[in-house]
Amino acid sequence: MTQYQSDLLRLLNDRGYIHQLTDEAGLDALASRSVIPGYIGFDATADSLHVGNLVSIMLLRRLQQAGHKPIVVMGGGTTKVGDPSGKDEVRKLLDNEGIEANIASIRTCFERFLTFGDGPTDAILVNNADWLDSLEYIPFLRDVGRHFTINRMLTFDSVKLRLDREQPLTFLEFNYMILQAYDFLELSRLHACKLQLGGSDQWGNIVNGIELGRRIDGAELFGLTTPLITKADGSKMGKSVDGAIWLNADRLSAYDYWQFWRNTDDRDVGKFMRLFTDIDLDEIKRLETLEGSEINDAKKVLADAATTLAHGEAAATNAAQTAQQTFEQGNAGGDLPTLEVADDTISILNALVDIGFCASKGEAKRMVSGGGARINDAQIKDAGTQISLADGEIKISAGKKKHGIIQRAS
């Protein structure tokens, strides 16, 4: 095992973040003697990030914890192009207004994980539209584009994936890797940024930026990528059967976020604690050795810690209390999703759809016929069932993990 001298690489190594480094010894030495500004880019394709982005957010948090400076780069410019990495089809392009709204919403997420300010290790947030929007096409091609060969660009996984599957790759998207490399050059100039971090799928783009900075400015730049984060069952981290696990509470409640972590596979508990919480490493070693029913206690610790980071301590406490009331005491916890109904009755199918447990009445009907729907813990097998609200609020359940409240609108 590599013995790192810097607090930064020791921290990242001990918690399982390091997959590839462009210059291991050089970065280790630099991190030992000076504050390193490092960045990760995030395109503003939605108004919230999700758990699939969380390892990148935690990387910036670790950077700051080790005494270095995180730079959050919002892709106000690159979002207009679309990153082809990991995609089989062209992304839907957003207008400037939509991109700006998404950036404003996403910023609130980073403020929960990072300390922003004017200090040497305080995080900053920048928008690459500030320099990309002002580029002139011909001068950019002449000064920057000449450093990229089509031969090499065709070897990138993001390009090969589309071509191998005979999916269209637009000329617009083909330019994305050049623009991302140019980001690193500009950040080096504007903020003395020395390090780009990212997922393993960004390795080629990171190397491009390092080489561009060296060729044009003679800059010494570094890159670090994380391994692909997967669950024990082999599925990609960040997805569930219900879709993305959003980080903003207006997209996914703190309770549902807590439940996502509570339902972690036994085999993933230790890994996820290292990556996604600040729990002490010695405590993690103790918790991940628990077996049988005791592993559920470790999962609750994981859920509490992860939810506290994303939503705050109060929200995590409320979510844990709601889960205890719902699952252990058989009551309806107060933090469950609530559906208010204007009438005295509502059909079971409409209830399942309106509260968000099913995407359509067809899916709701299948849920009922499969025995997964319950009202006040009683199984409902008739898809024509009408729920009466005359007796006050009603507990509705879909499967073992989704629970909510239906009540008459006041």
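Arg-61 lies in helix α3, which spans residues 54-65. The model is predicted. Arg-61 is buried, because its relative accessible area is 17% and the cut-off for burial is under 20%. Beyond its neighbours within four places in sequence, Arg-61 contacts Arg-112, Phe-113, Leu-114, Asp-278 and Leu-309.

Helix α3 also packs against another helix. The partner is α13, residues 269-276. The two axes come within 9 Å and cross at roughly 55 degrees. Helices α3 and α13 are therefore oblique to each other. On the α3 side, the contact uses Leu-54, Val-55, Met-58 and Arg-62. On the α13 side, it uses Arg-274, Leu-275 and Phe-276. Five residues of this contact are nonpolar, two are charged and none is polar.

The crossing of α12 past α15 is right-handed. Helix α12 contributes Ala-254, Tyr-257, Trp-258, Trp-261 and Arg-262 to the contact. The contributors from α15 include Asn-296, Lys-299, Lys-300, Leu-302 and Ala-303. Asp-304, Ala-306, Thr-307, Ala-310 and His-311 of α15 also take part. By class, the residues of the contact of α12 with α15 divide into eight nonpolar, three polar and four charged.

Turning to the sheets, six strands form an open sheet with mixed pairing. Their order is β1-β6-β5-β2-β3-β4. The edge positions are held by β1 (20-21) and β4 (124-127). Each has a single partner strand, so one side of each is left without a neighbour in the sheet. Strand β1 runs antiparallel to β6, residues 222-226, and two bridges join them. Within this pair, Gln-20 stands opposite Thr-225 of β6. Helix α11, residues 203-217, packs on the sheet and touches β1, β5 and β6. The direction of α11 makes about 175 degrees with that of β6.

Another open sheet has five strands, again with mixed pairing. The strand order here is β9-β15-β14-β11-β12. Strands β9 (338-341) and β12 (378-379) stand at its edges. Each of these edge strands has a single partner, so one side of each lacks a neighbour in the sheet.

Strand β14 covers residues 394-398, and β15 covers residues 402-408. Five bridges join these two strands, which run antiparallel. In this pairing, Ile-394 stands opposite Ile-406, and Ile-396 stands opposite Gly-404. Strand β11, residues 373-375, is joined to β14 by three bridges, also antiparallel. Here the bridge partner of Ile-375 is Ile-396.

How much of β14 is buried? Five of its five residues are buried, so β14 is largely enclosed by the rest of the structure. The side chains divide by direction. Ile-394, Ile-396 and Ala-398 point one way from β14, whereas Lys-395 and Ser-397 point the other way. Both groups are buried, the lysine included.

Two loop residues complete the description. Thr-79 sits in the loop between β3 (69-74) and α4 (96-113). Thr-79 is buried, with a relative accessible area of 4%. Leaving aside neighbours within four places in sequence, its contacts are Asp-43, Ala-44, Thr-45, Leu-93, Leu-94 and Ile-99. Thr-79 and Arg-33 are 46 residues apart in sequence. In space, their C-alpha atoms are 36 Å apart.

Ala-192 occupies the loop between α10 (176-191) and β5 (195-199). Most residues other than glycine have a negative phi. Ala-192 is not a glycine, yet its phi is positive, at about 55 degrees. Ala-192 counts as partly exposed, because its relative accessibility is 43%.

Definitions and conventions: Residues numbered from 1 in each chain as written. Predicted model: local features only at pLDDT ≥ 70, side-chain atom pairs only at ≥ 80, totals over all residues. Heavy atoms only, no water. Pairing = 2+ DSSP bridges. Helix = DSSP H or I, 4+ residues; strand = E, 2+ residues; numbered from the N terminus. Left-handed = near helix turned anticlockwise from the far one by under 90°. Contact = heavy atoms within 4.5 Å. Nonpolar A, V, L, I, M, F, W, Y, C, P; charged D, E, K, R; others polar. Buried < 20%, exposed > 50% of the residue type's maximum accessible area, 1.4 Å probe, protein only. Axes fitted to C-alpha atoms, helices over the stretch in contact; angles between N-to-C directions. Parallel < 35°, antiparallel > 145°, perpendicular 65-115°, else oblique.
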